[in-house]
Amino acid sequence: MKKVKGIVIVIVIAAAIFGILVAIESNAVSKYERVEMAVAVKEVPKGTKLTEENVGEYFEMRKCDASLNTQYNIKELGELEGKYLNRQIYGDTIIHTYDLSDSDFKNEAIKEKVLVSFGVGSLADSLSGTLRMGDVVNIYVVHAQTGEISSLTGYPVIIEEAFDSSGILIGAGDKTSIATNFNISIDKQDESAFYEMMATGNVKVVKVDEY
């Protein structure tokens, strides 16, 4: 009986050791797992238009550590075609969807750029839910007391980032998420007036098709 009991104990210990070894091996494999993503092969200037002809000159698909993989990584070079870079990209840098824009819009009214954020009061009264990075818009506020409509900036601006109600960044290729909050750049001298006016009522956004 003691002999059988001893055998059982040995088996249990062996199973435990085996489980530990499997766990260690599994962690080692996941630690070194590689995922393909688009990486710049050299410096690419801000504002560069990426085309079928030049994408391969600037970027390549490269296997990188899985810990660097996010929902914003580019999974194939075709996703870059027709996009503009909204910032300078350095060599050996991973490119993300939020580094891209659908437009090369430049605003001459902005002398000293500052990033500001705003949210919409009612999606039913604006196009905000479907707005995405790269869209050019005019922004207005409807004053709560008088119903008067005023321009928040006095000039069109480009949506630099769009977020859902949970604060999650909406990728350039996402056509379904509802955008409620946005980042734009305006002239620094307009920043105080922008926030003061925004506090007086509901923000409305109108997309500009031609500029």
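**A sheet and its cores**

Visitor: Which residue in β10 stands opposite Phe 163?
Guide: Before we look, note that this is a predicted model: local features need pLDDT of at least 70, side-chain atom pairs count only at pLDDT 80 or more, and totals for chains, interfaces and linings use all residues. Residues are numbered from 1 along each chain as its sequence is written, and side-chain values use heavy atoms, leaving out hydrogens and water. Now find Phe 163 and look across to β10: facing it is Asn 181.

Visitor: How many bridges join strand β9 to β10?
Guide: Strands are DSSP runs (E, at least two residues; helices are H or I, at least four), numbered from the N terminus. Two strands pair if DSSP finds at least two bridges between them. β9 covers residues 161-163 and runs antiparallel to β10. The number of bridges joining them is three.

Visitor: And how many bridges link β5 and β10?
Guide: Strand β5 spans residues 113-119, and its pairing with β10 is antiparallel. You can follow it through Lys 113, opposite Asp 187 in β10, and through Val 116, opposite Ile 184 in β10. The bridges between β5 and β10 number seven.

Visitor: Which strands stand at the edges of the sheet?
Guide: The open sheet has three strands in the order β5-β10-β9, with antiparallel pairing. An edge strand has a single partner, so one side of it is left without a neighbour in the sheet. The strands in that position are β5 and β9.

Visitor: How many of the seven residues of β10 are buried?
Guide: Buried means under 20% relative accessible area, exposed means over 50%, and partly exposed lies in between (1.4 Å probe, protein chains only). Strand β10, residues 181-187, is mostly covered. Its count of buried residues is six.

Visitor: Which residues have the most contacts inside the largest nonpolar core?
Guide: A nonpolar core is a set of buried Ala, Val, Leu, Ile, Met, Phe, Trp, Tyr and Cys residues joined through side-chain atoms within 4.5 Å. The largest one here has 23 residues. At least two of its residues come from each of β5, β6 (136-143), β10, α3 (191-198) and β11 (201-207). Those with the most contacts are Phe 118, Ile 139, Phe 182, Ile 184, Ile 186 and Phe 194.
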